[in-house]
Amino acid sequence: WLTNTIDPNVTASAPTSIVVDPGNGNIHIAYADLYNNALKYAVRTGGNWANQTLDSFGDDVTCVSIDLDSQGNPHISYYAKGSSVLQYIVWDGISAWTKETADTNQYTGYYNSLKVGTDDQPRIAYRKYVSGGTPEYSVWYATRTSSGQWNREPVAGLTVNALSYLALALDRFDRPKIAFKDSDINNLMYAAKSGSWGITIVDTG
């Protein structure tokens, strides 16, 4: 194994996400700098690493997810306790990052997973806070149009007191597949959409 130090300001618990560009082999990493409460991005090109700060907060970044579009541009979803909403940021391929709020609901996006579709637009699966008082959460799915509009929908109508560890994949038709943990009963769940959402228990706790 070959190891490199990309950034010394990362603790063992800092969330990270990595993707490799299949066209040129460049490595892209989105990660949290917990010392400075910042979202950072690193890329390796030609054997050299370069990193930069994309966003800063008054509290920790707790979850990040990165994917590339067909032009090799990084798309990143993330959640920070300082803002408590699901955030999205994308590189325009020229000179600028554009930041958006993918869901304005408070305490939403603590767990999230992003994939870019064949149309070069992001899809995000995420945990959404849906109740006052006793916390209740559900899995939601957001898609972005080429005009910049976010469309959001609940996944299979499941609401639980504890939900965690989401992972999203898209098939060749951009149909979403989501794995997540129902932490109420420690079940591994699988949700897929083909017209409508269906949900299956993969493994019981």
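**Exercise 1.** What is the accessible surface of the protein chain, and what share of it belongs to carbon and sulfur atoms? Then describe the overall size of the chain.

*Solution.* The structure is a predicted model.
Step 1. The accessible surface of the protein chain comes to about 10,100 Å². Carbon and sulfur atoms hold 47% of that surface.
Step 2. Along its principal axes, the C-alpha trace spans about 45 × 40 × 35 Å.
Step 3. A compact globule of 205 residues would have a radius of gyration near 17 Å, and the protein chain has 17 Å, so the two agree.
Step 4. Of the 205 residues, 47% count as buried.

**Exercise 2.** State how many helices and strands the protein chain has, and how its charged side chains are placed.

*Solution.* 
Step 1. The protein chain contains 16 strands and zero helices.
Step 2. There are 15 positive and 20 negative side chains. The centres of these two sets lie 3 Å apart.

**Exercise 3.** Work out which residues lie on each face of β6, and whether the faces are covered or open.

*Solution.* 
Step 1. In a regular strand, side chains alternate between the two faces of the sheet.
Step 2. In β6, one side carries P74, I76, Y78 and A80, while the other carries H75, S77 and Y79.
Step 3. The residues named on both sides are all buried, so both faces are covered; buried means under 20% relative accessible area. For the strand as a whole, seven of its seven residues are buried.

**Exercise 4.** Is V20 buried, partly exposed or exposed, and which residues does V20 touch?

*Solution.* 
Step 1. V20 belongs to strand β1 (residues 16-20).
Step 2. The relative accessibility of V20 is 48%, so V20 counts as partly exposed.
Step 3. Leaving out residues up to four places away in sequence, V20 touches G25, N26, I27 and L68.
Step 4. L68 is 48 residues from V20 in sequence, yet their C-alpha atoms are 8.3 Å apart.

Technical notes. Residues are numbered from 1 along each chain as its sequence is written. This is a predicted model: local features need pLDDT of at least 70, side-chain atom pairs count only at pLDDT 80 or more; totals for chains, interfaces and linings use all residues. Side-chain values use heavy atoms; hydrogens and water are left out. Helices (H or I, at least four residues) and strands (E, at least two) are DSSP runs, numbered from the N terminus. The radius of gyration is taken over C-alpha atoms; the globule rule is 2.2 Å times the number of residues to the power 0.38. Buried means under 20% relative accessible area, exposed over 50%, partly exposed in between (1.4 Å probe, protein chains only). Accessible areas come from the Shrake-Rupley method with a 1.4 Å probe; for residues, only the protein chains shown count as cover. Lys and Arg count as positive and Asp and Glu as negative; His and the chain ends are not counted. The place of a charge is taken as NZ of Lys, CZ of Arg, CG of Asp or CD of Glu. Contact means heavy atoms within 4.5 Å.
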